[in-house]
Amino acid sequence: MERPYILHMLTPGKQMSPFDINMAADAGWQLVPTYTDVTLESVMGLTQDAIFSRGPKGVARTGLFIGGRDVLLAADMLERAKASMVKPFVVSAMADPSGSYTTAAAMVACVEAKLKARGESLKGQRVTILGGTGTVGRIAGVLAAREGALVVLSSRHGIDVAEEAAKETGKRFDATLHGVSGGDREAVRRSIAEADVVLATAAAGVQVVSAEDLGFAKQLKVAADVNAVPPEGIAGVGVMDDGKPLAGTQAVCIGALAVGNVKYQTQHRLLVRMRETDKPVMLSFDAAFEVARGVLAEAKG
């Protein structure tokens, strides 16, 4: 009997995301057992239990997926899982906490594509990320900064929270990030007045930029929003928009479902890659960004 493809899904949270379980099954993983309340310290034991029980042929059909809601912890757990493997018992592993790695990769890749249409790149652009201390905002900031953008993470809780998140995230992922207050309307308007790119990654159903606020965004080129729950995170950005002019500005906009389509394809391809690869792979947001760029390049033809 042929051994099944098993993807062990680990999360520090109380439950594994049904979204990720569905994605794993649709990518061809036949068994997707989930493990909740997983700590960093327990990753080694779980990893070794998963690999040593199947033999060299079985590990080729075994994978690990790390979820949760903490982008820093997920990265640490992925590294711990890798360090816990012993050749030839090495399996593929992927981290995507709250879908943030693939969503951020898709969002930044979509913005990059719109800048390229203008003959520009992310390098030298000032990127303001509203809701920037959350899961998607932090990783989008890292990806943009690594491409040469000047990135500021904005928090509604004020500049101290924003600066701490920028420092913590930048240190962990070797990127230069800055913090800025988004605690009131004047603070938001100051931050978008200086922005070439605005990314809205705040909580679903929260509008962070109003139509009146957009009047201050005089040099804005691209605005992207991942909020699919009304009202839109950025006024005037429809969920299906993909390069539509943003009213009241000189910018184009990208909506949540346009980003989501790329995110879905990116996550699917990464999960399939884990299952089909001849050599084990460790997949994080860098790999997701590469795949998201490929998805957009294919769509462009």
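## Asp-37

Asp-37 sits in the loop that runs between strand E2 (34-35) and helix H2 (43-52). Helices (H or I, at least four residues) and strands (E, at least two) are DSSP runs, numbered from the N terminus. The phi of Asp-37 is near 55°, a positive value in a residue other than glycine. With a relative accessible area of 42%, Asp-37 is partly exposed. Here, buried means under 20% relative accessible area, exposed means over 50%, and partly exposed lies in between (1.4 Å probe, protein chains only).

## Basis of the model

This is a predicted model, in which local features need pLDDT of at least 70 and side-chain atom pairs count only at pLDDT 80 or more, while totals for chains, interfaces and linings use all residues. Residues are numbered from 1 along each chain as its sequence is written, and side-chain values use heavy atoms, with hydrogens and water left out.

## Ser-98

Ser-98 is not a glycine, yet its phi is positive, at about 55°. The residue belongs to the loop between E4 and helix H5 (100-117). Ser-98 has 34% relative accessibility and counts as partly exposed.

## Cis peptide bonds

Which form does the peptide bond from Lys-87 to Pro-88 take? The bond is cis, with omega near 5°. Pro-88 lies in the loop between helix H4 (71-83) and strand E4 (92-95).

Pro-230 and Pro-231 are also joined by a cis peptide bond, where omega is about -5°. Pro-231 is placed in the loop between strand E9 (222-225) and strand E10 (242-245).
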